[in-house]
Amino acid sequence: MNELKLYRKRIIPDECILLEDDLILHHDSEVIITKWNTIRPKKTLHHGYSCYFLERGFKVSKFYDHDGNLISWYCDIISYTFDAAENAYTFTDLLVDVIVYPDGFVRVVDLDELADAARDHLITPEQMQLALRRTDKLLSLIYKGAFDKLQKYIEDCENV
């Protein structure tokens with residue numbers, strides 16, 4: 001079988017790129033865990049880990065700076081398709097993001113982008129509903145104090 005491939009599809013800006021340099025640490029029917037360096041160099045963000053929760057519809061990432069210090073946990077709301085012939089997942093970023101800082105502060109960002117994408121017909125009403133429902137589920141987990149269960153997937157891979 002072909003090596004597993006991961007693509008990141010963004011709506012704003014419109015792009016789809018192969019994550020060819022991401023190292024796949026684990027994958028099964030529920031999760032895919034990767035280690036990566038930033039695609040485009042950033043002032044603070046240097047590298048991290050991501051865990052794609054396939055059925056839950058979000059990707060939880062652990063962001064590190066150039067010195068290896070934790071910046072934040074960054075959660076993308078996503079959908080995906082799988083192409084069996086290519087053995088490839090394409091993850092579509094549904095625009096809404098949830099950031100959890102080391103001190104526990106939580107921010108929801110890019111709701112304005114979601115609204116703009118709906119207004120401009122860049123997403124379907126179904127994608128809008130999916131994004132909002134998945135954001136609600138993620139925030140419920142965080143507010144219930146269960147975010148550590150999601151973090152554990154990455155932390156277990158880091159400690160190997």
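Seven bridges join β4 to β5, and the two strands run antiparallel. That's where I'd like to start today, and please keep in mind that we are looking at a predicted model.

β3 and β4 form a hairpin, with three residues between them.

How many of the seven residues of β4 are buried? Five are, so β4 is largely enclosed by the rest of the structure. As a reminder for anyone tracing side chains, those of a regular strand alternate between the two faces of the sheet.

A quick word on the idea behind it: rolling a probe the size of a water molecule over the atoms shows where empty space is left. The lining of this largest pocket comprises 35 residues, and those nearest its centre are Arg-8, Leu-45, Phe-63, Tyr-74 and Asp-76. By class, the lining has 15 nonpolar residues, 12 charged and eight polar.

Which strand gives the most to that lining? It is β8, with six residues. Several strands supply at least two residues each, among them β1 (5-10), β6 (58-65) and β7 (70-83). Our opening pair comes back here too, as β4 (31-37) and β5 (45-53) each supply at least two lining residues of the largest pocket.

Next, the aromatics. Searching the whole structure gives 11 aromatic pairs. Let me pick out Trp-73 and Phe-147: their ring centres are 6.0 Å apart and their planes are at 85°, so this pair is edge-to-face. Where do the two residues sit? Trp-73 is in strand β7 and Phe-147 in helix α3, residues 147-158, so the pair ties together parts that are 74 residues apart in sequence. Both Trp-73 and Phe-147 are buried.

There's also a cluster to look at while you have the rings displayed. Tyr-52, Tyr-80, Phe-82, Tyr-89 and Phe-91 are linked into it by ring pairs.

Let me finish with some backbone details, for those of you who like to check torsions. The peptide bond from Ile-12 to Pro-13 is cis, with omega near -10°. Pro-13 itself lies in the loop between β1 and β2, the latter being residues 15-18.

Then we have two positive phi values in residues other than glycine. For Leu-95, phi is near 80°. Leu-95 lies in strand β8, the strand that gives the most to the lining of the largest pocket. Is Leu-95 buried or exposed? Its relative accessible area is 3%, and with the cut-off for buried set at under 20%, Leu-95 counts as buried.

For Asp-110, phi is near 70°. This residue is found in the loop between β9 (106-109) and α1 (111-119). Asp-110 has a relative accessibility of 23%, and therefore counts as partly exposed.

Note on methods: Residues numbered from 1 in each chain as written. Heavy atoms only, no water. 1 Å grid on protein atoms, 1.4 Å probe; cavity = no way out; pocket = protein on both sides within 12 Å on 5 of 7 lines; lining within 4 Å. Helix = DSSP H or I, 4+ residues; strand = E, 2+ residues; numbered from the N terminus. Nonpolar A, V, L, I, M, F, W, Y, C, P; charged D, E, K, R; others polar. Phe/Tyr/Trp six-rings, centres within 6.5 Å; stacked < 30°, edge-to-face > 60°. Buried < 20%, exposed > 50% of the residue type's maximum accessible area, 1.4 Å probe, protein only. Pairing = 2+ DSSP bridges.
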